[in-house]
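Please read them with the structure open.

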Amino acid sequence: MHISRLLPLCSALLLTLISSHIYAAAIYPINDASILAGSKFDIKVELNGVINQDELQIQINGAPVTKFVNAKPEFIANENGKGSSIIFRDVQIAKPGKYSMTASSPQERLQVSWDVYASGPRRVKNVILFIGDGMTIANRTAARVLSKGITEGKYQGKLSFDDMPNIALIGTSGSDSLITDSANSMSAYTTGHKTAVNAMGVYVSRATDNLSHPKVETIAELIKRNTKMSVGIVSDAELEDATPAAVVSHTRRRADKQYIADQLLVSGAEVILGGGSAYFYPQSTKTSKRKDDKNLVEAFKSDGYQTVFTKQELLKASEDKSTKKLFGVFHPDNMDGSLDRLFLKKNTVAEFPNQPDLTEMTQSAINVLSKNPNGFFLMVEAALIDKFNHPLDWERAAFDTIMLSNAVQIAKDFAKTHPDTLIIVTPDHTHSGSIAGVVNDAKAGPLREKVGTYADAGYPNYPKANVEGYPNQMDVSKRLAFFYGAYPDHYETMHPKLDGTFVPAIKGEGGNFVANSKYLQQQEDAIHVGGNLPSQQDTGVHTADDAVLSAIGPGSEKFHGFMDNTEVFKVMVESLGLGRQ
């Protein structure tokens with residue numbers, strides 16, 4: 001090969017080696033981290049080279065690290081063959097201000113800057129954080145169309161969070177990727193720190209043990225360590241799933257569900273309600289997914305919790321004035337959505353007919369938590385909005401957005417008599433859905449010609465919703481033309497999936513995912529849509545679109561304009577005074 005052709009290749013190779021070498025070294029917390037004064041966090045320094053501990057100099061604001069950190073460090077001479085590391089656990093910095101940390105060895109020098117902030121005095125008694133998991137703006141619009149109706153361009157009502165006075169756009173990207181998942185996006189809300197996809201409550205380092213990465217304290221831990229407040233966790237997903245897990249857990253991998261279940265037990269949260277019972281029962285139980293013989297349900301009972309397993313038991317226990325702690329699991333996995341539970345009776349409703357609604361879990365949680373005169377923090381997740389957006393099942397996602405609106409109304413009603421309550425409603429991330437028009441079955445021609453756009457769209461003809469905001473029929477003759485922008489191969493039917501959640505793609509020959517021919521067999525004019533995602537992707541994916549946050553109550557005025565997701569944590573801890581000097 002001629003030298004002129006070889007030089008660019010060598011230069012590219014050298015640049016790659018230098019880049020990978022620089023990337024391997026790191027300080028955690030990362031540069032530009034915002035840290036609540038007095039909160040606990042781990043400091044970790046990772047070097048490229050292998051050194052002796054006495055060759056490493058660490059300073060904060062030009063002074064030895066020991067001036068700020070009392071914890072005895074753990075030095076790892078050569079961590080996983082990648083270089084030396086040192087870890088300081090449970091560090092606390094009490095004084096607000098700007099901090100610069102440097103780590104120097106004979107071979108390299110690293111530096112990061114942090115902003116340590118105080119909260120000021122407590123302003124609210126209660127904080128209720130609602131997460132519409134994966135809820136994009138089109139989910140809100142579709143829910144409003146279905147539940148309130150629209151006439152001559154004007155909606156005939158609003159969702160409960162539509163009239164909240166303070167709104168912000170939330171950036172959701174993580175430390176490693178433009179596109180987030182629920183673990184690291186929720187972790188930003190609960191810790192105020194960025195992390196990577198699949199991680200929660202930790203910075204992702206070179207450690208191989210999922211539980212050994214540098215930890216950051218969650219809002220639930222802060223509350224339990226510093227106050228006499230109560231904590232509640234409600235979700236219609238598995239309680240071990242990313243969003244509820246991020247309230248209490250610290251792991252590199254959100255799939256560590258047995259560990260997360262154990263963390264829920266020791267978290268001290270007074271109310272824990274949701275799905276995922278499979279991780280609370282010993283492995284000898286038929287539906288268990290544990291790998292040991294621990295029976296966490298019995299452990300909750302022994303710890304003074306009222307334990308409930310059906311809607312009826314939940315309502316009875318939450319109305320009992322003696323109930324101070326409440327643990328309820330209502331499904332081995334994720335619970336069923338409102339469209340199936342209330343109308344279609346599909347998916348697993350026949351097997352688990354007594355699942356409570358998100359509204360009933362929210363009311364029950366407030367009933368129990370509000371008995372504490374010191375106030376409470378409650379996280380409520382409408383998880384299935386995301387679970388239905390992934391398989392492109394917008395109707396089910398819309399119904400669960402209506403359910404979220406109903407749950408938020410319960411919190412707003414509580415706040416009418418408890419005005420010292422901050423209510424926040426936000427997605428943790430978004431999906432790619434959008435409403436393009438109205439599908440009209442009366443139009444002639446192939447299926448795509450039935451989509452009306454602009455003036456030709458008109459309005460859908462869903463029946464008037466019931467008192468809970470749900471229309472009793474979805475497969476009407478004029479329906480919303482709701483399409484997703486990120487999708488696998490699938491057959492577009494433009495009809496609701498009445499026999500169960502949409503399964504857009506299945507594994508074909510060669511291992512790639514292909515359109516599920518079931519829907520072509522059901523509807524011969526279904527349109528084959530070639531995916532725009534990699535062939536190993538069988539569902540839709542999250543997007544980097546901004547999340548729309550709505551808030552009401554003391555402290556909600558701090559939500560405005562564009563904000564980073566870590567700032568949601570900052571508003572909550574400032575409102576609760578968790579970093580007071």
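1. With which side chain does the side chain of threonine 566 make a polar contact? The partner is the side chain of aspartate 564, at 2.6 Å. A polar contact here is a pair of N or O atoms within 3.5 Å; within protein, one must be able to donate a hydrogen and the other to accept it, and residues adjacent in sequence count only if both atoms are side-chain atoms.

2. The basis is as follows. This is a predicted model, in which local features need pLDDT of at least 70 and side-chain atom pairs count only at pLDDT 80 or more, while totals for chains, interfaces and linings use all residues. Residues are numbered from 1 along each chain as its sequence is written, and side-chain values use heavy atoms, with hydrogens and water left out.

3. Threonine 566 belongs to helix H14, residues 566–576. Helices (H or I, at least four residues) and strands (E, at least two) are DSSP runs numbered from the N terminus. Threonine 566 counts as buried because its relative accessibility is 14%; buried means under 20% relative accessible area, exposed over 50%, and partly exposed in between (1.4 Å probe, protein chains only). Not counting residues up to four places away in sequence, threonine 566 touches Ala188, Gly192, His193 and Lys194, where contact means heavy atoms within 4.5 Å.

4. Threonine 323 sits in the loop between helix H8 (311–319) and strand S17 (326–329). The relative accessible area of threonine 323 is 0%, so this residue is buried. Its side chain reaches the backbone oxygen of alanine 317 at 2.7 Å. Apart from neighbours within four places in sequence, threonine 323 contacts Gln306, Ala317, Val368 and Lys371. Glutamate 270 is 53 residues away along the chain, with a C-alpha separation from threonine 323 of 9.9 Å.

5. Valine 127 is part of strand S10, residues 126–132, and is buried because its relative accessible area is 0%. Leaving aside neighbours within four places in sequence, its contacts are Phe376, Phe377, Leu378, Leu422, Met572 and Leu576. Histidine 490 lies 363 residues from valine 127 in sequence and 42 Å from it in space, C-alpha to C-alpha.

6. Some backbone geometry deserves a check by eye. Most residues other than glycine have a negative phi, and most peptide bonds are trans. Tyrosine 28 and proline 29 are joined by a cis peptide bond, with omega about 0°; proline 29 is in the loop between strand S1 (26–28) and strand S2 (33–36).

7. Lysine 345 is not a glycine, yet has a positive phi of about 60°. The loop between helix H9 (338–344) and helix H10 (358–369) holds lysine 345, which counts as partly exposed because its relative accessibility is 48%. Tyrosine 454, also not a glycine, has a positive phi of about 50°. Tyrosine 454 is in the loop between strand S21 (451–452) and strand S22 (478–484), and its relative accessible area of 80% is why it counts as exposed.

8. On the whole protein: there are 14 helices and 28 strands. Of the 581 residues, 56% count as buried. The C-alpha atoms fill a box of roughly 80 × 80 × 50 Å along the principal axes. Among contacts between residues at least 6 apart in sequence, 71% join residues at least 24 apart.
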